[in-house]
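Visitor: Could you walk me through this one? I'm new to it.

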Amino acid sequence: SNTIKAGARSGQATVEIRIEGPPQKCNVLSAKSYDASELNLTINCPEDGNSTITVYKVEYRIAGISDWTSQQTFNASNLQHYTVIGLKAYTRYELRATAANKYGYEIGDVAFSAVVTVTTAQGFPGPP
């Protein structure tokens, strides 16, 4: 917790100081593919920096061979379900997530969750 409490004797008031800042590192709790062009993620950011999370950002790429692509979504919940769309069928992707509040994002790669690797579902063949 980022809260400091201090008290005094002789009936004086207790002072509570809340330290606020960007959210701490998020976790990708699950990443699954139910569709050949989509990945469904569950993201949890347990430490919100004592300020409501306003933005989640998911980054994804084809595993090890392309630059990160970012997608942002807005939600005030600390548990976020998110779908990445427009992906290639039966392809390995790497994903990571982060969150921001009114203080922004944590700086650098430390802001992101650990990278999770998942393969999209195999697509159905097209018409003959």
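Guide: Here is a quick tour, starting with the overall layout.

Guide: This is a predicted model, where local features need pLDDT of at least 70, side-chain atom pairs count only at pLDDT 80 or more, and totals for chains, interfaces and linings use all residues. Residues are numbered from 1 along each chain as its sequence is written, and side-chain values use heavy atoms, with hydrogens and water left out.

Visitor: How many helices and strands are there in the protein?

Guide: Zero helices and nine strands. Helices (H or I, at least four residues) and strands (E, at least two) are DSSP runs, numbered from the N terminus. From that end the elements read β-β-β-β-β-β-β-β-β.

Visitor: And how much of the protein is buried?

Guide: Buried residues are 34% of the 128. Buried means under 20% relative accessible area, exposed over 50%, and partly exposed in between (1.4 Å probe, protein chains only).

Visitor: What about the accessible surface of the protein?

Guide: It comes to about 7800 Å², and 51% of that belongs to carbon and sulfur atoms. Accessible areas come from the Shrake-Rupley method with a 1.4 Å probe; for residues, only the protein chains shown count as cover.

Visitor: Let's pick a strand. Is S8 mostly covered or uncovered?

Guide: Mostly covered. S8 spans residues 92-100, and eight of its nine residues are buried.

Visitor: Which strands does S8 pair with?

Guide: One is S5, residues 55-62, antiparallel to S8 over eight bridges. Another is S9, residues 116-119, also antiparallel, joined to S8 by four bridges. Two strands pair if DSSP finds at least two bridges between them.

Visitor: Which residue in S8 stands opposite Arg61?

Guide: Glu94. On the S9 side, Tyr93 has Val118 as its bridge partner.

Visitor: How do side chains point in a regular strand?

Guide: They alternate between the two faces of the sheet.

Visitor: Now Arg96. Why does it count as buried?

Guide: Arg96 counts as buried because its relative accessible area is 11%. Arg96 is found in strand S8. Its side chain makes a polar contact of 2.7 Å with the side chain of Glu59. A polar contact is a pair of N or O atoms within 3.5 Å; within protein, one must be able to donate a hydrogen and the other to accept it, and residues adjacent in sequence count only if both atoms are side-chain atoms.

Visitor: Where is Trp68 found?

Guide: In the loop between S5 and S6, the latter being 69-74. Trp68 is partly exposed, at 23% relative accessible area.

Visitor: What is Trp68 in contact with?

Guide: Leaving aside neighbours within four places in sequence, Trp68 is in contact with residues including Glu59, Arg61, Glu94 and Arg96. Contact means heavy atoms within 4.5 Å. Leu95 is also in contact with Trp68. Their C-alpha atoms are separated by 8.6 Å, and the two are 27 residues apart along the chain.

Visitor: How many of the contacts join residues at least 24 apart?

Guide: Among contacts between residues at least 6 apart in sequence, 63% do.

Visitor: Another loop, then. Is Ala36 buried or exposed?

Guide: Buried, at 16% relative accessibility. Ala36 is in the loop between S3 (27-35) and S4 (38-44). Beyond four places in sequence, its contacts include Leu87, Tyr90 and Gly123.

Visitor: You mentioned Tyr90. Is Tyr90 buried or exposed?

Guide: Exposed, at 58% relative accessibility. Tyr90 lies in the loop between S7 and S8. Tyr90 has a positive phi of about 45 degrees although it is not a glycine.

Visitor: And Thr91, where is that found?

Guide: In the loop between S7 (79-84) and S8. Thr91 is buried, at 14% relative accessibility. Its side chain reaches the backbone oxygen of Lys88 at 3.4 Å. Not counting residues up to four places away in sequence, Thr91 touches Ile62, Val118, Thr119 and Thr120.

Visitor: What is phi like at Asn50?

Guide: Near 60 degrees, a positive value in a residue other than glycine. Asn50 lies in the loop between S4 and S5.
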